[in-house]
Amino acid sequence: MKTPCHSSHFGHAMPGARASRRGSVLIIVIWVCLGLVALALYFANSMTSELRAADNRVAQVEAEQAVAAGTRYAAYQLKQYAVGGLVPRIEEIRAEALPVGDATFWMIGRDNDQLPGREPFFGIVDGGSKLNLNSASRSMLEMLPGITPELVDAILNWRRRVGEDSEGGDAGATYGTLNPPRLNKGAPFESADEVRLVYGATLDLVFGEDTNRNGTLDPNEDDADASAPHDDQDGQLLAGIAEYVTTVTRQPATAADGSRRFDISALNTDQLRDRLRTFLAQKIDPTLANQVVGRLNPNATFGSVAEFMLAAQLAPEDYERIHTNFRARRTAGLINVNTAPEAVLACIPGIGPDNAGTIVAYRQQHPDLMTSFAWLPDILSSEQIRQAGPYITDQSYQFSADVAAVGRLGRGYARARTIFDMSNGTPRIIYHQDLTAFGWALGSSVRETSRTGRTAGL
């Protein structure tokens, strides 16, 4: 007897099996969807990062271009306000929060009549307010804040011509012991930053607490050892020697109108004295011209313009009309007493630490007199003026613009310092240095406003 065959057991799956297969397919589909979603999120996040990176790069380029624009702006302002040895007044040049498209730039300056604060001062820096490394004497270098006798020796050796006697032993042998070894230059400094190559010029001596070189007491420069650099947390900025030195200061041989300036170190002939008399008669008054020439010893030679000023005995307003037409034999490295900070004034013979603070206080009280140094007799004796005379001036022909900028919404940052020479009346770039790597230099106020998408000063 045949057993009946139930085809449903073989030709059709049981209901439970069909449900199991559908569940497996659903799980696979869900995993596939999750994978696709993960891939989509990954690529979306990657594209977002790329977009942010591109936007930040655009902001950085904007900042760099704003620095270039700020440099050109500084040159234009110098052309307007710094011709003939004049130093631009603070109110003449806008140097804070200047827009260039979506970017903004500032010119980091110095107020040499005030102690450094916690926010930057903005303006163009007068190079004539600094001590020239190539012409300063040993005694002047020794008065720089924080400098050591060993570093003074090394600076003098560095700039001393090859073959001349060195200070403090064989300089060449000293540099030969370094790793890697190098040679003592035996030639003038080409820039103030070159002092970092001199033996014994540690970062503490060169930059002090002002590691970002903005002349401002930033929070990290007044927190002891909480963050670099090490500082004494006394609420005052201890700047290094780099703040006070330069290598580019010199006076031109011609006046602003192109005429040759009088060399007062050679007025001992009748021809030269007659030329001086004619000049004074044209600029001031014929009678006064005769009086001035009559006061001068026929055989006198003057070591400085300041000494000539004392002998001429002109009223301050009369001397101001003619002072840019005179020069001494020494034309390099003169310090502008109208703008130099107290630390630099203290280095000048005849002024020194005893009179430097008095001069700064006098400048604060009489800013309208700072167009010549006819005011010096109000502070110094005649002998002190004669001592200081070979090292001082009341004119400046080199200026620096330290331009820092941020891009859109406060992103991107760039900074560069450019030194201009105004000897021929037209700004000429003689030095350019990228300072971006020294870090943020615009102070906490600009940083805070930049974070909110707004720019300080606008």
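Me: C347, buried or exposed?
Reply: C347 counts as buried, at 3% relative accessibility. Buried is under 20% relative accessible area, exposed is over 50%, and partly exposed lies in between, using a 1.4 Å probe and protein chains only.

Me: What sort of model is this?
Reply: This is a predicted model, where local features need pLDDT of at least 70 and side-chain atom pairs count only at pLDDT 80 or more, while totals for chains, interfaces and linings use all residues. Residues are numbered from 1 along each chain as its sequence is written, and side-chain values use heavy atoms, with hydrogens and water left out.

Me: And C33, how exposed?
Reply: C33 is partly exposed, with a relative accessible area of 40%.

Me: Changing topic: how many residues of helix α9 are buried?
Reply: Six of the eight residues in α9 (residues 305–312) are buried, so the helix is largely enclosed by the rest of the structure. Those six are V305, A306, F308, M309, L310 and A312. Helices are DSSP runs of H or I with at least four residues, strands are runs of E with at least two, and both are numbered from the N terminus.

Me: What covers them?
Reply: Among the elements covering the buried residues of α9 are α7 (270–283), α8 (286–295) and α10 (316–322). Contact means heavy atoms within 4.5 Å.

Me: What comes just after α9?
Reply: Q313, which takes a positive phi of about 55°.

Me: Which residues of α14 are buried?
Reply: In helix α14 (residues 443–451), they are G443, V446 and S450. They sit on the same side of α14 because they cover an arc of only 35° around the axis. That arc is taken from the directions from the helix axis to the C-beta atoms. β2 (103–108) is included in what covers them.

Me: How many aromatic pairs are there?
Reply: The whole structure has 13. One of them is Y175 with Y199, edge-to-face, 6.2 Å centre to centre and 75° between the planes. Rings of Phe, Tyr and Trp (its six-membered ring) pair if their centres lie within 6.5 Å; planes under 30 degrees apart are stacked, over 60 edge-to-face, the rest tilted.

Me: Where are Y175 and Y199 in the chain?
Reply: Y175 is in helix α5 (residues 171–176) and Y199 is in the loop between α5 and α6 (203–207), 24 residues apart. Y175 is buried at 2% relative accessibility, whereas Y199 is partly exposed at 41%.
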